[in-house]
Amino acid sequence: MDALDKAIVNQLQGGFPITDRPYAEVAETLGIPEAELLARLESLLSRGILSRFGPMYHAERLGGSLILTAMQVPSEDYERVAEIVNAMPEIAHNYEREHVLNMWFVVATETPEAAQAALDAIAEKTGYPVYPMPKLKEFFVGLRLEA
């Protein structure tokens with residue numbers, strides 16, 4: 001990423017204008033044409049530098065489900081299980097931790113029933129139990145990652 005790409009990523013993490021032409025407004029803030037902003041966003045996505053660009057919704061308020069989930073996966077089988085889990089469209093944020101529960105990911109679905117179906121499918125396809133950890137209380141931390 002060059003300095004402008006970093007500026008774009010940093011700018012968009014702080015909010016997105018709700019206007020008729022939000023990209024034009026952001027581009028003006030950055031001092032570039034709207035077309036360049038759009039092209040750079042597409043490039044960041046196509047190169048995998050950004051995995052996703054879009055709004056974040058409160059899934060539960062829309063009838064959906066988000067569940068943090070952990071698994072204990074033997075190191076010799078970790079890559080196989082990661083491929084299975086990552087191939088599922090319901091999965092986000094899959095990462096490895098140094099803990100007996102060494103694989104952690106979020107299951108995001110349109111309904112709670114679909115979340116349970118995804119958890120059941122993961123257990124069946126991988127051969128390992130999954131440990132869902134439903135949210136008990138929500139905190140807003142305002143995470144920003146400087147590019």
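This briefing walks through some packing, ring and contact features of the structure above. The model is predicted, so please read every value below as computed from that model.

- Helix α2 covers residues 22–30 and helix α3 covers residues 34–46.
- Two packed helices are described by the angle between their axes and the distance between the axes.
- For α2 and α3, the axes come within 8 Å and cross at roughly 100°.
- Angles of 65 to 115 degrees count as roughly perpendicular, and α2 and α3 are therefore roughly perpendicular to each other.
- On the α2 side, the residues that meet α3 are Tyr23, Ala24, Val26, Ala27 and Leu30.
- On the α3 side, their partners are Glu34, Leu37, Leu38 and Leu41.
- Sorted by kind, the residues of this contact of α2 with α3 are 8 nonpolar, no polar and 1 charged.

**Aromatic rings and a charge over a ring**

- The model has 3 aromatic pairs.
- One of them joins Phe16 and Tyr23 in an edge-to-face arrangement, with 5.1 Å from centre to centre and 70° between the planes.
- Phe16 is partly exposed at 32% relative accessibility, and Tyr23 is partly exposed at 26%.
- Phe16 also pairs with Phe53, again edge-to-face, at 6.0 Å centre to centre and with 75° between the planes.
- This second pair links distant parts of the chain, since Phe16 and Phe53 are 37 residues apart.
- Phe16 belongs to the loop between α1 (3–13) and α2, while Phe53 belongs to the loop between α3 and β1 (65–71).
- Phe53 has a relative accessible area of 31% and is partly exposed.
- Together, Phe16, Tyr23 and Phe53 make up one aromatic cluster.
- Elsewhere, Arg97 places its charged end over the ring of Trp104, 4.9 Å from the ring's centre.

**Two residues of helix α1**

- Asp5 is part of helix α1.
- With a relative accessible area of 5%, Asp5 is buried, the cut-off for that word being under 20%.
- Setting aside residues up to four places away in sequence, Asp5 touches Arg40, Leu44 and Arg47.
- Asn10 is found in helix α1 as well, and Asn10 counts as buried at 16% relative accessibility.
- Not counting residues up to four places away in sequence, Asn10 touches Arg144, Leu145, Glu146 and Ala147.

**Arg80 in helix α4**

- Arg80 sits in helix α4, which spans residues 78–86.
- Its relative accessible area is 36%, so Arg80 is partly exposed.
- Beyond the residues up to four places away in sequence, Arg80 touches Lys125, Thr126 and Tyr128.
- Arg80 and Thr126 are 46 residues apart in sequence, and their C-alpha atoms are 8.2 Å apart in space.

**Residues in the strands**

- Leaving out residues up to four places away in sequence, Ser65 touches Ala59, Val107, Ala108, Thr109, Thr111, Pro112 and Ala115.
- Ser65 and His99 are 34 residues apart in sequence and 25 Å apart in space, taken from C-alpha to C-alpha.
- Thr109, one of the residues that Ser65 touches, lies in strand β3 (residues 103–109).
- Thr109 counts as buried, with 12% relative accessibility.
- Apart from neighbours within four places in sequence, Thr109 is in contact with Gly64, Ser65, Glu90, Ala114 and Ala115.
- Thr109 and Gly64 are 45 residues apart in sequence, yet 5.6 Å apart in space from C-alpha to C-alpha.

**A positive phi at His93**

- Most residues other than glycine have a negative phi, and most peptide bonds are trans.
- His93 has a positive phi, near 60°, and is a residue other than glycine.
- His93 is located in strand β2, residues 91–96.
- At 60% relative accessibility, His93 counts as exposed.

Technical notes: Residues are numbered from 1 along each chain as its sequence is written. This is a predicted model: local features need pLDDT of at least 70, side-chain atom pairs count only at pLDDT 80 or more; totals for chains, interfaces and linings use all residues. Side-chain values use heavy atoms; hydrogens and water are left out. Axes are lines fitted to C-alpha atoms, for helices over the stretch in contact, and angles run from 0 to 180 degrees between N-to-C directions. Helices (H or I, at least four residues) and strands (E, at least two) are DSSP runs, numbered from the N terminus. Angles under 35 degrees count as roughly parallel, over 145 as roughly antiparallel, 65 to 115 as roughly perpendicular and the rest as oblique. Contact means heavy atoms within 4.5 Å. Ala, Val, Leu, Ile, Met, Phe, Trp, Tyr, Cys and Pro count as nonpolar, Asp, Glu, Lys and Arg as charged, and the others, Gly among them, as polar. Rings of Phe, Tyr and Trp (its six-membered ring) pair if their centres lie within 6.5 Å; planes under 30 degrees apart count as stacked, over 60 as edge-to-face and the rest as tilted. Buried means under 20% relative accessible area, exposed over 50%, partly exposed in between (1.4 Å probe, protein chains only). A charge sits over a ring if NZ of Lys or CZ of Arg is within 6 Å of the ring centre and within 35 degrees of the ring normal.
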